[in-house]
Amino acid sequence: MTPHSFRHATAVHLISAGVDVTVIRSWLGHVSLDTTNHYARANLDTKRKALERVSPPETARHPPSWKRETSLLAWLDTL
């Protein structure tokens with residue numbers, strides 16, 4: 001075990017717990033968020049949980065108004 005192992009494990013656990021990355025950056029003494037974001041990329045379980053919370057987009061019953069405007073679509077085709 002090294003001090004870095006403890007820092008890394010702590011950072012990953014804090015991210016998993018939902019602690020804001022800027023807070024973790026301050027605790028670890030990182031100058032840049034890019035360094036701290038490394039820990040967020042390392043945790044696939046956190047990514048899986050985030051994706052599970054997202055619902056699929058609702059499908060529209062009617063096409064958007066710009067698709068119903070044939071004159072607009074014709075004009076766009078001329079560009």
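This report walks through a nonpolar core, a surface patch, a salt bridge and a few individual residues.

## About the model

The structure is a predicted model, in which local features need pLDDT of at least 70, side-chain atom pairs count only at pLDDT 80 or more, and totals for chains, interfaces and linings use all residues. Residues are numbered from 1 along each chain as its sequence is written, and side-chain values use heavy atoms, with hydrogens and water left out.

## The nonpolar core

Let's start on the inside. The largest nonpolar core has 7 residues: A11, V12, L14, I15, I24, L28 and Y39. A nonpolar core here is a set of buried Ala, Val, Leu, Ile, Met, Phe, Trp, Tyr and Cys residues joined through side-chain atoms within 4.5 Å. Buried means under 20% relative accessible area, exposed means over 50%, and partly exposed is in between (1.4 Å probe, protein chains only). Two elements, α1 (3–16) and α2 (21–28), each give two or more residues to this core, and α1 supplies the largest share, 4 residues. Helices (H or I, at least four residues) and strands (E, at least two) are DSSP runs, numbered from the N terminus. In soluble globular proteins, nonpolar side chains tend to be buried together.

Beyond its neighbours within four places in sequence, L28 is in contact (heavy atoms within 4.5 Å) with R7, A11 and Y39.

H30 sits in the loop between α2 and α3 (33–42). Is H30 buried or exposed? H30 counts as buried because its relative accessible area is 14%.

Leaving out residues up to four places away in sequence, H30 touches R7, R25, T35, T36 and Y39. With R7, the side chain of H30 also makes a polar contact of 3.5 Å. A polar contact is a pair of N or O atoms within 3.5 Å; within protein, one must be able to donate a hydrogen and the other to accept it, and residues adjacent in sequence count only if both atoms are side-chain atoms.

How many salt bridges does a search of the whole structure find? The search finds 1. A salt bridge means a side-chain nitrogen of Lys or Arg within 4 Å of a carboxyl oxygen of Asp or Glu. Here the partners are the side chains of R48 and E52, at 2.7 Å from N to O. Both residues belong to helix α4 (residues 44–53) and are 4 residues apart, about one turn of the helix. R48 is partly exposed, at 41% relative accessibility, while E52 is exposed, at 55%.

R53 also lies in helix α4 and is exposed, with 68% relative accessibility. The C-alpha atoms of R53 and I24 are separated by 23 Å, and these residues are 29 apart along the chain.

W66, L72, W75, L76 and L79 make a nonpolar surface patch of about 550 Å². Patches are made of residues with over 30% relative accessible area and no salt bridge: like charges are joined within 9 Å, and nonpolar side chains (Val, Leu, Ile, Met, Phe, Trp, Tyr) within 5 Å. Accessible areas come from the Shrake-Rupley method with a 1.4 Å probe; for residues, only the protein chains shown count as cover.

Helix α6 (residues 70–78) gives the largest share of the patch, 3 residues. L76 lies in helix α6 and is partly exposed, at 39% relative accessible area.
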